[in-house]
Amino acid sequence: LPTEVGAWSSITRFEAYNTALVGTLPTEIGAWSALTRFEVNNNKLVGALPTELGLWTVVGAFFCQNNQFVGTLPTELGQWPKIVFLKVNNNELSGSLPTEVMLFESY
């Protein structure tokens, strides 16, 4: 995704699953303050999940499974007060589930 997508500040849903996306998630997507649903599952995305995702305050669904993300889940994801669905399986993520994420009512 190009960094220019950060200018889409009023986007509420981003659904790009099964679209052969490649590359990393730019930190600029943290500016998507109205985002409620994020789906990039079944692509070829790599790199770490940006800590800026923690800036999303109304996201309820986050799907990034079946990519090649690496590293640990950012503890900042624990700042998502409205999250209902969180799917990150089938990546190259390592480490434990952050305590902040384990406090979700549903995960």
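## Salt-bridge network

Arg 13, Glu 15, Arg 37 and Glu 39 are linked in a network of salt bridges (a salt bridge being a side-chain nitrogen of Lys or Arg within 4 Å of a carboxyl oxygen of Asp or Glu). This is a predicted model, in which local features need pLDDT of at least 70 and side-chain atom pairs count only at pLDDT 80 or more, while totals for chains, interfaces and linings use all residues. Residues are numbered from 1 along each chain as its sequence is written, and side-chain values use heavy atoms, with hydrogens and water left out.

Searching the whole structure gives three salt bridges. Glu 15 joins Arg 13 with an N to O distance of 2.5 Å. Glu 15 also joins Arg 37, at 3.7 Å, N to O. Glu 15 lies in strand β1 (residues 13–15) and Arg 37 in strand β3 (residues 37–39), so this pair ties together parts that are 22 residues apart in sequence. Strands here are DSSP runs of E with at least two residues, numbered from the N terminus. Arg 37 meets Glu 39 in a further salt bridge, at 2.5 Å from N to O.

## Exposure of the charged residues

Relative accessible area sorts residues into buried (under 20%), exposed (over 50%) and partly exposed (in between), using a 1.4 Å probe and protein chains only. Arg 13 is partly exposed at 47%, and Glu 15 is partly exposed at 37%. Arg 37, with 23%, also counts as partly exposed. Glu 39 is buried, at 9%.

## Aromatic pairs

The description of a pair of aromatic rings consists of the distance of the centres and the angle of the planes. Rings of Phe, Tyr and Trp (its six-membered ring) pair if their centres lie within 6.5 Å; planes under 30 degrees apart count as stacked, over 60 as edge-to-face and the rest as tilted. The whole structure holds eleven aromatic pairs.

One of them is the tilted pair of Trp 56 and Phe 62, with 6.3 Å centre to centre and 55° between the planes. Both Trp 56 and Phe 62 are buried. Phe 63 and Phe 85 form a stacked pair, 6.2 Å centre to centre with 25° between the planes. This pair links distant parts of the chain, with Phe 63 in strand β5 (residues 61–63) and Phe 85 in strand β7 (residues 85–87), 22 residues apart. Phe 63 is buried at 8% relative accessibility, whereas Phe 85 is partly exposed at 43%.

## Aromatic cluster

Ring pairs connect Trp 8, Phe 14, Trp 32, Phe 38, Trp 56, Phe 62 and Trp 80 into a cluster.

Terms used: Helices (H or I, at least four residues) and strands (E, at least two) are DSSP runs, numbered from the N terminus.
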